[in-house]
Amino acid sequence: MSLKGKVALVTGSTSGIGLGIARALAGQGADVMLNGFGDAAQIAALQGEIAVASGVRTGYSPADLSQPSQIAAMVRETEAALGKVDILVNNAGIQFVAPIAEFPEAQWDRIIALNLSAVFHGMKAVIPGMQARRWGRIINIASAHGLVASANKVAYVAAKHGVVGATKVAAVELANDGITVNAISPGWVLTPLVQKQLDDRAAREGRDVEDLKHAFLTEKQPMAQFSKPEQIGALAAFLCSDAASTITGAPLSIDGGWVAQ
Ligand code: NAD
């Protein structure tokens with residue numbers, strides 16, 4: 001497989017799963033536009049590291065994807081810096097945990113804006129260029145929570161179910177345009193987003209974080225291990241390959257058996 005000559009825009013790629021995907025796509029030869037928050041010097045170092053490791057061009061957009069106008073601007077910035085967007089990975093996401101009766105409205109709005117609306121705005125901005133070139137790959141990072149629920153995650157679960165629905169609509173609309181649209185639905189991946197949930201719960205229950213990890217995993221997953229960002233990256237790279245050119249509209253689980261139950 002080679003993605004040489006292709007340009008990938010990976011949102012939320014300064015950390016965790018997005019960074020794993022950016023590294024995997026660059027590893028196949030794609031030029032990569034990074035996005036996300038973080039320390040400017042660390043992000044510049046990441047850009048350099050990926051460019052050198054894979055011999056690709058890299059760029060970085062600090063766009064805040066909860067703001068629709070910044071999403072369109074990020075796509076234009078990618079086109080200006082790297083020429084086009086062939087691969088869009090909508091990955092940026094946040095979490096907030098509370099029962100519905102106590103769930104702050106502002107957190108609902110924040111999560112829907114980033115985890116769901118940004119997926120729509122991103123797809124809308126890149127589709128015309130992909131149609132003109134008759135090639136495109138859109139990969140939306142959903143979650144096991146795009147397929148099943150857990151208590152206390154109303155905004156996240158609603159947003160991720162919405163991402164799976166939007167993925168299917170885009171796949172149907174673009175089926176004969178050379179563009180595939182799929183969702184990846186990870187189970188637990190030990191990133192800063194999950195580490196915070198572990199730390200909060202360990203503090204709440206007065207437990208050791210390391211002891212809690214096993215319980216945390218097995219409450220949801222038959223397989224008592226975390227998936228790794230590089231494994232999500234490898235699945236994303238496969239979805240960009242010719243071998244995957246007829247996979248579209250699929251929510252692909254990579255979740256240690258979470259939704260098999
Ligand atoms: P993470 O916290 O490690 O990374 C999130 C990334 O999004 C960071 O780069 C951050 O800077 C960026 N980001 C946050 N707010 C942003 C904004 N407003 N605009 C632009 N970028 C922003 O989290 P992660 O675990 O790697 O999660 C990545 C995606 O994977 C999310 O959509 C998440 O819902 C999903 N996911 C994660 C897991 C898991 O177990 N970690 C499981 C299923 C799905």
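Author: R201 counts as buried, because its relative accessibility is 13% (buried is under 20% relative accessible area, exposed over 50%, partly exposed in between, with a 1.4 Å probe and protein chains only). The model is predicted, so local features need pLDDT of at least 70 and side-chain atom pairs pLDDT 80 or more, while totals for chains, interfaces and linings use all residues. Residues are numbered from 1 along each chain as its sequence is written, and side-chain values use heavy atoms, without hydrogens and water.

R201 belongs to helix α6, residues 192-205 (helices are DSSP runs of H or I with at least four residues, strands runs of E with at least two, numbered from the N terminus). Beyond its neighbours within four places in sequence, R201 contacts R207, L212, F216 and E219 (heavy atoms within 4.5 Å).

F216 also joins W188 and W258 in a cluster linked by ring pairs. Rings of Phe, Tyr and Trp (its six-membered ring) pair when their centres lie within 6.5 Å; planes under 30 degrees apart are stacked, over 60 edge-to-face, the rest tilted. The count is 3 aromatic pairs. F96 and F103 are edge-to-face, because their centres are 5.4 Å apart and their planes stand at 85°. F103 is buried at 9%, whereas F96 is partly exposed at 26%.

The sheet is open, with 7 strands in the order β3-β2-β1-β4-β5-β6-β7 and parallel pairing (at least two DSSP bridges between two strands). β3 (58-61) and β7 (251-254) are at the edges with a single partner strand each, so one side of each lacks a neighbour in the sheet.
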